[in-house]
Amino acid sequence: MPKNGVYLFFFNALIDSSDDSLIYVYVNGEIVQTFENFNAGESEDRQMSLFWSMDLNQGDEMFLYNYFDSSIYITDVYRMYFMGVLTN
């Protein structure tokens, strides 16, 4: 991260005919947050929209990992959005 502070993050993507979706948030190589969407056996398209905040330090590295690699569907029409904003 460029500066110390509280960051807000937004993520949105289409889950395409997958029973389950699971996103891990890593900071400096460690899992610090998980977002799960288990569909109880029903394979239906749906949006996965996430919003969270984290207190991060300058130099921290954050990335997202999609555990079920076939769950997120991205094309030129169905896009994935990710945004982070420093709040203070």
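Does Phe10 count as buried, partly exposed or exposed, and at what relative accessibility? I looked this up and found that Phe10 counts as partly exposed, at 30% relative accessibility, where buried means under 20% relative accessible area, exposed over 50% and partly exposed in between, with a 1.4 Å probe and protein chains only. I placed Phe10 in strand E1, residues 5–15, strands being DSSP runs of E with at least two residues, numbered from the N terminus.

I note that this is a predicted model, in which local features need pLDDT of at least 70 and side-chain atom pairs count only at pLDDT 80 or more, while totals for chains, interfaces and linings use all residues. Residues are numbered from 1 along each chain as its sequence is written, and side-chain values use heavy atoms, with hydrogens and water left out.

Next I turned to the sheet. I found three strands forming an open sheet in the order E3-E2-E5, with antiparallel pairing, where two strands pair if DSSP finds at least two bridges between them. The edge strands, each pairing on one side only, are E3 (30–38) and E5 (62–66). Between strand E2 (residues 20–27) and E3, I recorded eight bridges, and Tyr24 stands opposite Thr34 in E3.

Last, I looked at Ile31, which lies in strand E3 and is partly exposed, with a relative accessible area of 42%. Leaving out residues up to four places away in sequence, I found that Ile31 touches Tyr24, Val25 and Tyr26, contact meaning heavy atoms within 4.5 Å. The C-alpha atoms of Ile31 and Phe63 are separated by 9.6 Å, and the two residues are 32 residues apart along the chain.

Key
Helices (H or I, at least four residues) and strands (E, at least two) are DSSP runs, numbered from the N terminus.
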